[in-house]
Amino acid sequence: MFFELKDFCIDLVESKDLDEIAEVYNSNKQFLKSHMNRERVTNEWILQELELMKKSGFYSCKIIEIKSGEIIGIIDFKAGEEVYLSLLMLKDNFKGKGFGNLIFQYFEEYAKSQKSKCIRIDVVTDYDNSVLDFWINNGFAKVEDIELNWTEKILPAVVMRKYI
């Protein structure tokens, strides 16, 4: 286990988690449509994504609500002096309730405990302004505009960093 909060814990995704991880993605319809031009992902797609992330040195973790044992989100990151936070996604019905802020705060503490100096994220800029606002409100600053190539789609994005 990477870290535990009062109500949540963060641990590596396992093959038995594929259905619930797909549920997390599939509850975020706007994300899927804008990032991937699709309405759903399959367990096979999740498995391929997990393999690709692992080969690239990323940890793919599940966010578990302790009380229910339900996977309510995912977080992908690459550890180091600069932590690269690739994805923090919650099930749609958990958004807007402060859980994202809480989980990120604990993630930041985890990064500090690993002697990381900063956290980097790449935020797609053409689909939901609240995502960019979320990261700005959590202390990130825009560094540069870039294009991401994810699932063979070019996405306008901004690199953001937070020094910790």
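**Pockets, rings and strands: a short tour**

The second largest pocket here has a volume of about 300 Å³. Before going on: what you see is a predicted model.

Let's stay with that second pocket. Which residues line it? They are Leu12, Val13, Glu14, Ser15, Leu47, Leu50, Glu51, Lys54, Gly57, Phe58, Tyr59 and Ser60. Two elements, α3 and β3 (59-65), each supply at least two residues of this lining. α3 gives the most, with 4 residues. By class, the lining of the second largest pocket has 6 nonpolar, 3 polar and 3 charged residues.

Now the largest pocket. About 1,000 Å³ of space lies in it. Its lining takes in 43 residues. Which of them lie nearest the centre? Phe31, Leu87, Leu88, Tyr127 and Val131 do. Several elements give two or more residues to this lining: α2, α3 (43-55), β5 (82-90), α4 (99-113), β6, α5 and β7 (141-150). The largest share comes from β5, with 7 residues. Sort the lining of the largest pocket by class, and you get 23 nonpolar, 12 polar and 8 charged residues.

Keep Phe31 and Tyr127 in mind. They bring us to the rings.

The structure holds 15 aromatic pairs. In one of them, the rings of phenylalanine 31 and tyrosine 127 have centres 6.2 Å apart. Their planes meet at 75 degrees, over the 60 that marks the class, so the pair is edge-to-face. Where do the two residues sit? Phenylalanine 31 lies in helix α2 (residues 29-36). Tyrosine 127 lies in the loop between β6 (118-124) and α5 (129-137). Buried or exposed? Both phenylalanine 31 and tyrosine 127 are buried.

A second pair: phenylalanine 94 and phenylalanine 99. Their ring centres are 5.6 Å apart, and their planes are at 50 degrees, so this pair is tilted. Phenylalanine 94 has a relative accessible area of 9%, so it is buried. Phenylalanine 99 has 21%, and the cut-off for buried is under 20%, so phenylalanine 99 is partly exposed.

There is also a cluster of rings. Tyr59, Phe77, Phe104, Phe107, Tyr110, Phe134, Trp135 and Phe140 form one aromatic cluster.

The charged end of arginine 120 sits over the ring of tyrosine 84, 5.0 Å from its centre.

Rolling a probe the size of a water molecule over the atoms shows where empty space is left. How many cavities of 30 Å³ or more does the structure hold? There is 1. The largest cavity has a volume of about 70 Å³. Its lining is Val13, Ile21, Tyr25, Ile46, Glu49, Leu50, Met53, Ser60, Cys61, Ile74 and Asp76. Four elements, α1 (18-26), α3, β3 and β4 (71-78), each supply at least two of the lining residues. Once again α3 gives the most, with 4 residues. By class, the cavity lining has 8 nonpolar, 1 polar and 2 charged residues.

β1 (residues 3-4) and β2 (residues 8-12) pair in the antiparallel sense over 2 bridges. Phenylalanine 3 stands opposite isoleucine 10 in β2. The two strands form a hairpin, with 3 residues between them. β2 also runs antiparallel to β3, and 5 bridges join them. There, phenylalanine 8 has glutamate 65 of β3 as its bridge partner.

Now β8 (residues 153-163). What does β8 pair with? β6 is one partner: the two are antiparallel, over 7 bridges. Isoleucine 121 is bridged to methionine 160 in β8. β7 is another partner, also antiparallel, and 9 bridges join it to β8. Glutamate 144 has valine 159 of β8 as its bridge partner. β7 and β8 form a hairpin with 2 residues between the strands. In that hairpin, threonine 151 takes a positive phi near 50 degrees.

To close, go back to the largest pocket and find Phe31 and Tyr127, which are among the residues nearest its centre. Their rings are the edge-to-face pair.

Conventions. Residues are numbered from 1 along each chain as its sequence is written. This is a predicted model: local features need pLDDT of at least 70, side-chain atom pairs count only at pLDDT 80 or more; totals for chains, interfaces and linings use all residues. Side-chain values use heavy atoms; hydrogens and water are left out. Rings of Phe, Tyr and Trp (its six-membered ring) pair if their centres lie within 6.5 Å; planes under 30 degrees apart count as stacked, over 60 as edge-to-face and the rest as tilted. Buried means under 20% relative accessible area, exposed over 50%, partly exposed in between (1.4 Å probe, protein chains only). A charge sits over a ring if NZ of Lys or CZ of Arg is within 6 Å of the ring centre and within 35 degrees of the ring normal. On a 1 Å grid over the protein atoms alone, a cavity is a set of points where a 1.4 Å probe fits but cannot get out, and a pocket is an open set with protein on both sides within 12 Å along at least five of seven lines; lining residues have an atom within 4 Å of a point. Grid points are joined across faces, edges and corners, and a volume is the space filled by probe spheres set on the points. Ala, Val, Leu, Ile, Met, Phe, Trp, Tyr, Cys and Pro count as nonpolar, Asp, Glu, Lys and Arg as charged, and the others, Gly among them, as polar. Two strands pair if DSSP finds at least two bridges between them.
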